[in-house]
Amino acid sequence: IKRIGVLTSGGDAPGMNACIRAVVLTASAYNLDVVGFDHGFNGLLEEDYQTLLPQHVQHIIQHGGTILKSARCKALHTEQGVIQAAAVLHKLQLDALLIIGGDGSFRGALAIAPHYRGQLIGVPGTIDNDVDGTDFSIGFATAIDTALDAIDKIRDTADAFERIFLVELMGRHSGYITLSAGIAAGAEQIICPEFGPVYKNQLSSVIGPIQHAQLLRGKTSYIIVVAENSYPGGTIALAEDISIELGTECRACILGHIQRGGKPVGADRILATKLGAYAVEQLTHGAHLMMAGEINQQAVLFPLAQTSDKKKQIDPYLVRWQQQIASD
Ligand code: F6P
């Protein structure tokens with residue numbers, strides 16, 4: 001192969017820049033030209049691209065966001081869109097396309113595949129860590145530290161007021177961020193899809209442990225971390241319903257997109273560098289329709305088609321432990 005394209009797609013994740021850098025530097029070592037598309041697959045469809053040379057990726061390893069910008073691409077859900085994407089790849093004489101993103105972005109790549117003669121490879125970049133075939137995705141470690149920093153601050157004010165706080169964390173339909181940040185912050189309760197649903201007007205599963213804790217430990221702060229999309233009406237509605245049920249103030253804090261920004265932590269920079277480099281190297285060996293992941297510290301290829309086949313499991317040991325201490 002001689003020429004490859006790269007893009008970042010879907011929710012940006014800290015470490016995407018480190019990955020772009022590794023892709024460009026590795027490609028240069030293999031004498032491959034690199035073209036970077038802006039705004040994810042939209043840039044591909046609109047032929048919005050730039051040649052990437054090693055000097056373009058200097059000193060970006062420490063920055064959050066992505067120099068290539070990111071977006072979700074509705075057009076790629078249409079037959080016309082995927083045909084057009086493949087046509088642009090052919091027109092630009094790209095032998096391969098490297099997609100840094102989550103499972104949604106990989107589905108986009110899979111849709112293009114039947115129309116494209118070149119190679120397609122994915123690198124998992126999402127704070128959600130919900131992609132199968134890799135222990136961690138780029139951005140997850142940073143997002144946890146960002147969430148922890150915020151939850152620790154909330155603990156200070158919650159302690160001062162002896163309040164119950166709900167902190168909503170991202171993860172779309174996965175509790176990975178919520179469980180991890182909740183455990184590391186010493187949250188009293190964790191609500192995420194994997195722990196089972198919480199229904200309105202049936203709040204005993206949430207209220208019971210709060211009452212129990214207050215009984216055992218007296219008045220104290222009580223933090224519940226909640227994965228987004230966990231409660232009908234949202235986390236603010238849940239805080240209001242808990243306030244009414246308990247007759248005591250319960251506040252909600254939605255961390256939101258703060259979790260997506262910031263300097264990538266060391267672990268994300270290293271993972272991003274390793275997976276970006278590995279993906280390029282594997283392209284030169286003919287890898288196609290694969291994702292470059294890391295399992296037990298080994299860089300591995302995993303079929304792109306299976307990255308969202310089964311829902312990535314959150315740590316069952318920590319789930320059990322959390323449920324045990326919440327009910328004690
Ligand atoms: O997939 C990353 C993510 O940040 C999810 O955690 C969240 O549900 C979603 O993206 C938010 O997307 P948007 O930035 O489009 O609101």
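**Ground rules**

I noted that this is a predicted model, in which local features need pLDDT of at least 70 and side-chain atom pairs count only at pLDDT 80 or more, while totals for chains, interfaces and linings use all residues. Residues are numbered from 1 along each chain as its sequence is written.

**Whole chain**

I looked up the secondary structure and found 10 helices and 11 strands in the chain. Helices (H or I, at least four residues) and strands (E, at least two) are DSSP runs, numbered from the N terminus. The radius of gyration is 22 Å, close to the 20 Å that the globule rule gives for 328 residues, so the chain is as compact as a globular protein of that length. That radius is taken over C-alpha atoms, and the rule is 2.2 Å times the number of residues to the power 0.38. The C-alpha trace spans about 70 × 40 × 30 Å along its principal axes.

I checked the record next: an unreviewed UniProt entry carries the annotation "domain: Phosphofructokinase" over residues 3–282. Such annotations may be inferred rather than shown by experiment; positions are in the numbering used here and feature names are shortened. Within residues 3–282, 42% is helix and 16% strand, and the end C-alpha atoms lie 14 Å apart.

**Core**

I find that 49% of the 328 residues are buried. A residue is buried if 20 or more other C-beta atoms lie within 10 Å of its own, exposed if 12 or fewer, and partly exposed in between, with C-beta atoms placed from the backbone. The largest nonpolar core has 95 residues, and Cys 19, Val 23, Leu 98, Ile 223 and Val 225 have the most contacts inside it. Such a core is a set of buried Ala, Val, Leu, Ile, Met, Phe, Trp, Tyr and Cys residues joined through C-beta atoms within 7 Å.

I followed Val 23: leaving aside neighbours within four places in sequence, Val 23 is in contact with Val 6, Val 34, Leu 98, Gly 276, Ala 279 and Val 280. Contact means that the C-beta atoms, placed from the backbone, lie within 7 Å. Of contacts between residues at least 6 apart in sequence, 76% join residues at least 24 apart.

**Single residues**

I placed Leu 110 in helix α4 (residues 103–112). Beyond its neighbours within four places in sequence, Leu 110 is in contact with Leu 304 and Ala 305. Leu 110 and Leu 304 are 194 residues apart in sequence, yet 7.5 Å apart C-alpha to C-alpha.

I found Thr 220 in the loop between α7 (204–217) and β8 (222–227). Its C-alpha atom is separated by 4.9 Å from that of Glu 162, 58 residues apart along the chain.

Leu 289 lies in the loop between α9 (266–284) and β10 (290–295), and Asn 296 in the loop between β10 and β11 (298–303). Leu 289 counts as partly exposed because it has 16 C-beta neighbours inside 10 Å; Asn 296 has 6 and so counts as exposed.

Note on methods. Contact = placed C-beta atoms within 7 Å.
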